Amino acid sequence: MDEFAVPPASRRSVRDWLVDIGLFLFAAAFGIMTAAERIQMPTQDVSPWVFQLDQVIGVLGCAALWLRRRHPVELALALVVLSAFSELVGGAMLVALFTVAVHRAARTTFAVFALSLIAALVYAVLRQEVGAPRELLFLLGVTTQGSAIGWGLFVHHRRRLLLSLRESAARAEAEAQQRAREAIAREIHDVLGHRLSLLSVHAGALEFRPDASPEDIARAAKVIRQSAHQALQDLREAIGVLRAPVGELSQPSLTDIEELAAESRRAGMRVHLTQEVPGSVPSRSAGTAYRVVQEALTNARKHAPGAEVWVHTTGTPGQWLSIEVRNSAPVTAPPAPGEGSGQGLVGLAERVALIGGRLEHGPADEGGWRLSAWLPWPV
């Protein structure tokens, strides 16, 4: 089986035609020069019929090179056997050896090369040249055949290297796309989870309080409308990034945490926010801090109905930006955990780890829950 796919002769590219013509002309020139040198010798050491047969074999060997892409090993074996007594087929035999080295595995290449060395030894014994010892003829054959094999192996390994580089580049691109999609999936989960939990709270209030005043119903309907509109905006932004070749979702800042807390208060939560952050926080850390608070508020709203929530952010440049969100025990019984419960914390831990931070969560005092994160804040 070929190491590299070779198209049929009818589908050769322009480059393939040029290479094939060049190698054919090389083999033909090699045979013509050898025949001319043999004719010019004052006394030939071979019979006329042997020389005529040699010319026929040389012509057929050069013509057979047009089959080298389809049957490289078979052609090489035939030309190697013929080269044991034919000198005019030597050029075609060198081209066949080169083709095997380019398109076949190293084991096959070296097996054919070993057979060619045996043929060179047989030629040196059978075709004794005037003034040329057998050792010199054999050494000349080893040198030329080794050069053809070496050149072919160089081309072979260069092609493998280029193929490996292309595969590595394609694999790296696929991994980068996968990481980008995972990041966008986390964004969609965080954003839509928060918005939809607000919708659920207010829709539940309207369902269980049919006797609410018109003002309360209007206020709840307004929050539902605003949350649904914002969820659609966030979803459009995420889909736009997925469709674009290069893009990144906009990162919220620490000041947006205040609006996040106010939004939760309008939904009926008791949220106490304290921010002690001097200076400007890097966008990645600030955006991750926002997502930590957003996920914590969403979980408190879903799993600790009526609980009181404390949000505290603090930090110093050159150290850490720390976020702690703690809620009290739920006032009413929380709903049963649904499918996929806990996936938000898993995604949040991945998000924090990506920027070199640390996330901890667990039970707090008196039946509450605590979520803490430490994010890098370089100078």
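1. The accessible surface of this predicted model comes to about 21,400 Å². Carbon and sulfur atoms account for 62% of that area. As for the interior, 39% of the 379 residues in the protein are buried.

2. A word on confidence, before you look at details. The mean pLDDT of the protein is 81, and 84% of its residues reach 70 or more.

3. On the overall fold, the protein has 10 helices and five strands. Among contacts with a separation of 6 or more, 72% join residues 24 or more positions apart.

4. Helix α8 deserves a look of its own. This helix covers residues 255-266, 12 residues in total. From first C-alpha to last, α8 reaches 18 Å, close to the 16 Å expected at 1.5 Å a residue.

5. Which residues of α8 are buried? They are Ile 257, Leu 260, Ala 261, Glu 263 and Ser 264. Seen down the axis of α8, these buried residues fall within an arc of 160°, so they line one face of the helix.

6. Finally, do check what comes after the helix. Gly 268 follows α8, and the phi of Gly 268 is positive, near 100°.

Notes
Residues are numbered from 1 along each chain as its sequence is written. This is a predicted model: local features need pLDDT of at least 70, side-chain atom pairs count only at pLDDT 80 or more; totals for chains, interfaces and linings use all residues. Side-chain values use heavy atoms; hydrogens and water are left out. Helices (H or I, at least four residues) and strands (E, at least two) are DSSP runs, numbered from the N terminus. The expected span of a helix is 1.5 Å times one less than its number of residues. Buried means under 20% relative accessible area, exposed over 50%, partly exposed in between (1.4 Å probe, protein chains only). The arc is that of the directions from the helix axis to the C-beta atoms. pLDDT is the predictor's confidence in each residue, from 0 to 100. Contact means heavy atoms within 4.5 Å. Accessible areas come from the Shrake-Rupley method with a 1.4 Å probe; for residues, only the protein chains shown count as cover.
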